[in-house]
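Hi,

Here is the structure I promised to pass on. Have a look at it first, and then read on for my notes.

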Number of protein chains: 2
Amino acid sequence: MTIEELDTPAVVVDLDILESNIKRMAEYCSEHHLRLRPHAKTHKSGVVAKMQLAAGACGVAVAKPDEAEVMAVAGIDDILVAYPIVTPRKAARIAELAMRAKMRVALDSIEAIECLSVAASERDVNIGILLEIDIGFARCGVGTAEASIALARAVEGKRGLRFDGLMFYPGHIKSPANEQAPLIEEVNRRLTSHYEAFACAGIPVDVVSGGSTPTALQSHYFEGVTEIRPGMYVFLDRNMLTIGVGTQEQCAISVLVTIVSNAVRSRAIIDGGSKTFSSDPLSVGDHRGYGLVLEQPQAEVIGFSEEHGHLDTSRCTRAPRVGERLRILPNHVCATINMHDRVFGIRGDRVEQIIQIDARGGVQ
Amino acid sequence: MTIEELDTPAVVVDLDILESNIKRMAEYCSEHHLRLRPHAKTHKSGVVAKMQLAAGACGVAVAKPDEAEVMAVAGIDDILVAYPIVTPRKAARIAELAMRAKMRVALDSIEAIECLSVAASERDVNIGILLEIDIGFARCGVGTAEASIALARAVEGKRGLRFDGLMFYPGHIKSPANEQAPLIEEVNRRLTSHYEAFACAGIPVDVVSGGSTPTALQSHYFEGVTEIRPGMYVFLDRNMLTIGVGTQEQCAISVLVTIVSNAVRSRAIIDGGSKTFSSDPLSVGDHRGYGLVLEQPQAEVIGFSEEHGHLDTSRCTRAPRVGERLRILPNHVCATINMHDRVFGIRGDRVEQIIQIDARGGVQ
């Protein structure tokens, strides 16, 4: 099958670029003696995860039991649930997986510790615990060294749990790489206060899990980090392009769409809207626009209805025709892929692979 | 099964409220001699569509061939594709459906006319055409009476097509009902110019399809409208509540979530983010917030990560506990339901029905 035979809208992944992105991050981690644990939330695909492991990743990070189960079924036996598990049903699913895979969970509360301990001890398994610490993003994570020591001690006293170390997420660092140094310095100040407290308390910290795609290639500047969890690096997107994390040639993903209407002056309507791309705004830079039209960058994606994308074509030298196809780089690749049950792996003009988004969809 | 047994996040639909919303809109339409053709994009469910038909709806509107096929399989035999069909593959799917259901398509280009005519004549079926006119939203639709007459004549000359009338979408009218009169007057001015041209040209306009949930109960003020296509009225949401289209007691939908972290001061994190709710901002009013916490309205949903919802609890008298459950009214119900493969119909505390979101997911 060729790209021309695909109906629209369709998410297409350039396999050459995907392979190259996977290799580049693996080489960076190898060079800096960091373990690479890609976050599977971006692709939600066992096939892509296995490509990452084949290139040297030690395992994966996931956000949900669903994702963990899909990865385990794909044969991945080292999984970090980088998300607090606080309900018995989810804890039971993690403990079941711990019977056949090395499972870790990141958490920040005594409730999560108790919940996981019950599930693990009932099944006579061990779950590794990373304590999440807040290093400035203000989402999850304990803030003080005292609080982290107290929770680490609580883990050590619980059956079925093993304290392995710390996790943090620098989600607030979305600036270009050459502007990150002062922010990384502040993160290091916070990390160091925790490390010193653990050293004083005599509690070994074997793992420090950090990283995100915007900071990934700066990970060697983060104090004490042993592994990183970038997700988006495999595909990249308009957010990453805007802050200079990768070039347009390194973006592996685009959404193939068709112009369905140009009846309104200075407008062209494409057959992809918020249910195809997500409505995630550009999260960096000037926050303008909902995608980059690769063939006609001067056509601005000014808004989405559910199934309509609104292009402003007033700056185009040639108005797009009804029926014409375009490829659009989405703002946020994780959100876009999550809209689809499958995406299409291409090489040149040929559709080589249909990649199932196995872990899309919900609990229950 | 009771609500307590549902894992989170879960979309729950109060069936009593759903039934009441369906009945209220059907009664309004009956009273005003309007046909009711609910837009199925909101629920994407054959089960809910059949509840609407049982209450008096004449058929459904859909946005995509996928949705049309699901509705046809559910036994619905009067379907309007309220979206321009411009590719041979999609036209073929519509024409196939026309072999067993009354199919109409709304369009605004000669390319769409030609594409549908080929597909319909090849299968010896007839597809009804509604010409979409732009009445101020500036998305799809021809603007001038001359252009609409020209396209109507083009339809009349094509094998397999039948000109049935006009369609419009007042998507720009999102103000409270008592502020809509001047906007409706402007729509009527535009509608009338088309009606007069069609009368002069001697082309009968049998159908005028209008409507949207914000304007639905004002439809009798729109000149010449014969049917309306509201979607969201079945569930309502925070957008509709904000402009006074329905009360909180009439909102049938909520998302059941669990607090997974409260380690950061003045924050509580829920296990639903943009992949559960969508990242649609509030599209009306002050555009603030990503949902209404029903049990604690003073907790503001200030942002979403993919799987984390960020609550600001600084104005709460009691900070939510880890493990506590909350129900949240989403900003935009169509976008939220589209994130899920199934939702849960409840009556009181009992889960009475699992509603499959049959038409979620993509083309191909």
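This is a predicted model: local features need pLDDT of at least 70, side-chain atom pairs count only at pLDDT 80 or more; totals for chains, interfaces and linings use all residues.

Before the strands come up, one definition: two strands pair if DSSP finds at least two bridges between them. Helices (H or I, at least four residues) and strands (E, at least two) are DSSP runs, numbered from the N terminus.

Residues are numbered from 1 along each chain as its sequence is written, and chains are lettered from A and ligands numbered from 1 in the order in which they are written.

Let's start with β5 in chain B, residues 102-107. Five of its six residues are buried, so β5(B) is largely enclosed by the rest of the structure. (Buried means that 20 or more other C-beta atoms, placed from the backbone, lie within 10 Å of the residue's own.) On one side, four bridges tie β5(B) to β4(B), residues 78-81, and the two run parallel; here B:Ile79 sits opposite B:Met103. β5(B) also pairs in parallel with β6(B), residues 127-132, again over four bridges, with B:Arg104 facing B:Gly128.

β4(B), helix α4 (88-97) and β5(B) form a right-handed β-α-β unit, and so do β5(B), helix α5 (110-123) and β6(B). Right-handed means that, with the strands pointing away from the viewer, the path from the first strand over the helix to the second runs clockwise.

What about the sheet in chain A? There, eight strands make an open sheet with parallel pairing, in the order β2-β9-β8-β7-β6-β5-β4-β3. At its edges are β2(A) (35-36) and β3(A) (60-62), each pairing on one side only. Helix α5 of chain A (110-123) packs on this sheet, touching β5, β6 and β7 (161-167), and its direction makes about 140° with that of β7(A). (Axes are lines fitted to C-alpha atoms, for helices over the stretch in contact, and angles run from 0 to 180 degrees between N-to-C directions; contact means C-beta atoms, placed from the backbone, within 7 Å.)

Finally, how do the chains relate? The same surface serves both copies, as 98% of the contact residues of chain B recur in chain A.

Cheers

How values were computed
Two residues are in contact if their C-beta atoms, placed from the backbone, lie within 7 Å. A residue is buried if 20 or more other C-beta atoms lie within 10 Å of its own, exposed if 12 or fewer, and partly exposed in between; C-beta atoms are placed from the backbone.
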